[in-house]
Amino acid sequence: MHPHDQTIFALSSGRLPSAIAIVRLSGPHAGIALQMLAGKLPLPRMATRALLRDGNGEPIDDAVVLWFPGPASATGEDVAELHVHGSRAVVATMFSVLSTMPQMRPAEPGEFTRRAFENGKIDLTEAEGLDDLIHADTDRQRRQALRQLKGLLGDKARGWREQIIEATALIEAGIDFADEGDVPAELMASALSRIEQLLAEIETVLSAQGRAERLRDGLTVVIAGPPNAGKSTLMNQLARREVAIVSPHAGTTRDVIEIQLDLQGYPVTVIDTAGIRETDDPVEQEGVRRARDRAAQADLVLWLSEDNQPEAERRSEVPVWLVRNKIDLPRPQETATATVQGDAPVFAISARTGAGVAGLLEALIGFARDFFGSTENGLITRERQRALLNETVAALRRSVTAVDLGEELAAEELRIAALALGRLLGRVDVEDVLDVIFREFCIGK
Ligand code: GDP
């Protein structure tokens, strides 16, 4: 499916025009291509200035080129980087010249990383970390992705897998050499104590955090409440604040439906249900559909009203905060304070003047902190990883109980545990996962 005899190329830097554009090549013909373009191969890993020319000797651009012969390269193959001027014309010419070379074709999304993975340069958890790092919007997401990229989970999983394989070997040695099929007690005891130690270790990792894997998607907070409560006004108030990092999916012609906040590194998406309404405009419909889907999965509801009448909406598991709006309107003893009613926090704000909104954001940060848990120590960044570690733990537990039923059964459960870790690392059984994971990557990565 991914023939490695083909050399791939892509624009690995950002949107054009830009000061510099980096065209990256990987594969067996990267060296020949670089030599043809630059006249000769530069010294490995040394930035070298070169006038790049096409097949007819016509100059294309004055560039800096880099040559990374495999296997000591990012992909494990021969890699060349062309740092050209970032104009559309230069890059288009580079692409058309490269396309005419034999065995050379544009890369698919994530194909460089996939080759790195297939050449054993990185394991699957590191590939996931790389993807997360590229897509990180907030500082916490960046740090979490970097830990993953550095192989923290991968290293642990490799160690666990080796220990499981050793324990299996102990048990199997016992099976092979024991008289009448009984594994010597000391071999069994040694294998069992290893397994129990492992179980404890993996369980610690599984429980050491809140929902760190949710940090990639962020928290979803929905603003709901009766018409005219001030939902859209609050959205606009939030969007005007510095914490709002983007305001995409305007979706509606009237208001913002969705904004992304960076609350001390926690990514938080706020959705305004007032924007969720019937419309004939197909573009708007799509925005509304997406907002509705996301609102259905809210982690927190801010119930906005002019009084304290939230009960109508309090049926779900999702926590609801009562937010009384329009405290700027004259009413006796109204101040911007947070209190608690029943078990729900109550906030008093003015979406129009902004009074009390800072306090609400402060509380949201606290909620996010509790929700995500101590992501600083978190090793798990994806549901996929958590599921496989849970599988590993379940199989290890079964192996402990299976010991009494027979050593072969225990060994079989251990093999299942090792297999789950192998899948975590991308060592076995992964073709289906690979396509899903690498499809998410950008082109040129
Ligand atoms: P929505 O239907 O819940 O989105 O409500 P809107 O945001 O459209 O607000 C309804 C009306 O209430 C508008 O006229 C707003 O200007 C007004 N409004 C919203 N928030 C406040 C506020 O804090 N104070 C005052 N005085 N008026 C507000």
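1. Contact means heavy atoms within 4.5 Å. By that criterion, 63% of the contacts in the protein chain with a separation of 6 or more are between residues 24 or more positions apart.

2. The model is predicted: local features need pLDDT of at least 70, side-chain atom pairs count only at pLDDT 80 or more, and totals for chains, interfaces and linings use all residues. Residues are numbered from 1 along each chain as its sequence is written, and side-chain values use heavy atoms, with hydrogens and water left out.

3. The protein chain contains 13 helices and 14 strands; helices (H or I, at least four residues) and strands (E, at least two) are DSSP runs, numbered from the N terminus. Of its 445 residues, 48% are buried, where buried means under 20% relative accessible area, exposed over 50%, and partly exposed in between (1.4 Å probe, protein chains only). The accessible surface of the chain is about 21,300 Å², and carbon and sulfur atoms account for 52% of that area. Accessible areas come from the Shrake-Rupley method with a 1.4 Å probe; for residues, only the protein chains shown count as cover.

4. The ligand is surrounded by 16 residues, of which the closest are Lys231, Ser232, Thr233, Asp328 and Arg352. A residue is near a molecule or strand if one of its heavy atoms lies within 4 Å of it. The shell is made up of six nonpolar, six polar and four charged residues. In this grouping Ala, Val, Leu, Ile, Met, Phe, Trp, Tyr, Cys and Pro count as nonpolar, Asp, Glu, Lys and Arg as charged, and the others, Gly among them, as polar.

5. A polar side-chain atom of Lys231 is 2.8 Å from an oxygen atom of the ligand, and one of Asp328 is 2.7 Å from a nitrogen atom of the ligand. The side chain of Ser350 places an N or O atom 3.1 Å from a ligand oxygen atom. On its own the ligand has 580 Å² of accessible area, and the protein covers 79% of it.

6. The side chains of Ser350 and Asp328 are joined by a polar contact of 3.0 Å. A polar contact is a pair of N or O atoms within 3.5 Å; within protein, one must be able to donate a hydrogen and the other to accept it, and residues adjacent in sequence count only if both atoms are side-chain atoms. Not counting residues up to four places away in sequence, Ser350 touches Asn325, Lys326, Ile327, Asp328, Ala355 and Val357.

7. Thr125 lies in helix α4 (residues 124-135) and is buried, with a relative accessible area of 0%. Its side chain makes a polar contact of 2.6 Å with that of Asp123. Beyond four places in sequence, the contacts of Thr125 include Gln148, Arg384 and Leu424. The C-alpha atoms of Thr125 and Lys150, 25 residues apart along the chain, are separated by 9.5 Å.

8. Strand β5 (residues 79-86) has six of its eight residues buried, so it is largely enclosed by the rest of the structure. β2 and β5 run antiparallel and are joined by eight bridges; two strands pair if DSSP finds at least two bridges between them. Ser26 stands opposite Val79 in β5. Strand β4 (residues 59-68) is also antiparallel to β5, with five bridges, and Leu66 has Glu81 as its bridge partner in β5.

9. Arg24 is found in strand β2 (residues 18-26) and counts as buried at 10% relative accessibility. The side chains of Arg24 and Ser12 make a polar contact of 3.4 Å. Leaving aside neighbours within four places in sequence, Arg24 is in contact with residues including Val79, Glu81, Phe112 and Lys445. Arg24 and His83 are 59 residues apart in sequence and 8.7 Å apart in space, C-alpha to C-alpha.

10. Strand β9 (residues 258-263) is mostly covered, five of its six residues being buried. β9 pairs with strand β10 (residues 266-272) in the antiparallel sense over six bridges, and Gln260 stands opposite Thr269 in β10. The two strands form a hairpin with two residues between them, and Gln264 in the turn has a positive phi of about 50 degrees.
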